[in-house]
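Please read the points below with the sequence and the 3D view open. They are meant to be checked one by one against the picture.

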Amino acid sequence: MSASGDPSAAPRRGVSICVFRDREVVMVRRGKEPGFGRWAPIGGHVEPGESDAAAALRETREETGLVPDLVGLCGEREIFAADGRLAMVLAVFAARWIEGEPVAGDDAADARFVALDALDGLDLMPGVLPWIHRAFARLDDARADGFDA
């Protein structure tokens, strides 16, 4: 609950998951607000009693139908509302693609693999590009540690 006592003012918990296949990442075009029509990695809310990792896997299935392998947490991203209030905290995950082709589902208008060097050509949600690069670096770290990521 927030200091004002209004539980609706407390930041919501969410996840973002960057699923990579070689040098491509799955991107989803948002089918509703916030950010209608803009592109972002897979993401959504954490349900009550659900772990961040479980939410990331569930959102991936719901939005794209893909099967990923979580490599690790990249950090937490804070999302602020227009009034400056902390609106959401996203746990950002890196994952590698296991199987499937992205098919837009749930609240996604489109879903596809996009080459990392083509991301600048998309109308991206603000602030996502550094996190995609951070997630890709997390994948590289896992490879350097001897994991098949």
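1. The lining of the largest pocket has 19 nonpolar, six polar and 13 charged residues. In total, 38 residues line this pocket. Note that the model is a predicted one.

2. The space in the largest pocket is about 860 Å³. To find its centre in the viewer, look for Arg-30, Pro-34, Met-88, Leu-90 and Met-125, the lining residues that lie nearest to it. Several elements give two or more residues to the lining: strands E1 (12-21), E2 (24-30), E4 (42-45), E5 (67-80) and E6, together with helices H1 (52-64) and H2 (128-144).

3. The order of elements deserves a look next. The protein chain has two helices and seven strands. Read from the N terminus, they run β-β-β-β-α-β-β-β-α. Among contacts between residues at least 6 apart in sequence, 68% join residues at least 24 apart.

4. Of the 149 residues in the protein chain, 44% are buried. Ser-16, in strand E1, is an example to check. Is Ser-16 buried or exposed? Its relative accessibility is 10%, and the limit for buried is under 20%, so Ser-16 counts as buried. Apart from neighbours within four places in sequence, Ser-16 is in contact with Pro-41, Ile-42 and Gly-43, and also with Leu-90, Ala-91, Val-92 and Phe-93.

5. How many aromatic pairs does a search of the whole structure find? The search finds two. One of them is formed by Trp-97 and Phe-113, with 6.4 Å from centre to centre and 85 degrees between the planes, an edge-to-face arrangement. The pair links distant parts of the chain, since Trp-97 belongs to strand E6 (residues 86-99) and Phe-113 to strand E7 (residues 108-115), 16 residues apart.

6. Phe-113 has a relative accessible area of 12%, so Phe-113 is buried.

7. Phe-113 has a further neighbour to record. The charged end of Arg-21 sits over the ring of Phe-113, at 3.8 Å from the ring centre. Another arginine, Arg-134, lies over the face of Trp-131, 4.1 Å from the centre of that ring.

How values were computed:
Residues are numbered from 1 along each chain as its sequence is written. This is a predicted model: local features need pLDDT of at least 70, side-chain atom pairs count only at pLDDT 80 or more; totals for chains, interfaces and linings use all residues. Side-chain values use heavy atoms; hydrogens and water are left out. Rings of Phe, Tyr and Trp (its six-membered ring) pair if their centres lie within 6.5 Å; planes under 30 degrees apart count as stacked, over 60 as edge-to-face and the rest as tilted. Helices (H or I, at least four residues) and strands (E, at least two) are DSSP runs, numbered from the N terminus. Buried means under 20% relative accessible area, exposed over 50%, partly exposed in between (1.4 Å probe, protein chains only). A charge sits over a ring if NZ of Lys or CZ of Arg is within 6 Å of the ring centre and within 35 degrees of the ring normal. On a 1 Å grid over the protein atoms alone, a cavity is a set of points where a 1.4 Å probe fits but cannot get out, and a pocket is an open set with protein on both sides within 12 Å along at least five of seven lines; lining residues have an atom within 4 Å of a point. Grid points are joined across faces, edges and corners, and a volume is the space filled by probe spheres set on the points. Ala, Val, Leu, Ile, Met, Phe, Trp, Tyr, Cys and Pro count as nonpolar, Asp, Glu, Lys and Arg as charged, and the others, Gly among them, as polar. Contact means heavy atoms within 4.5 Å.
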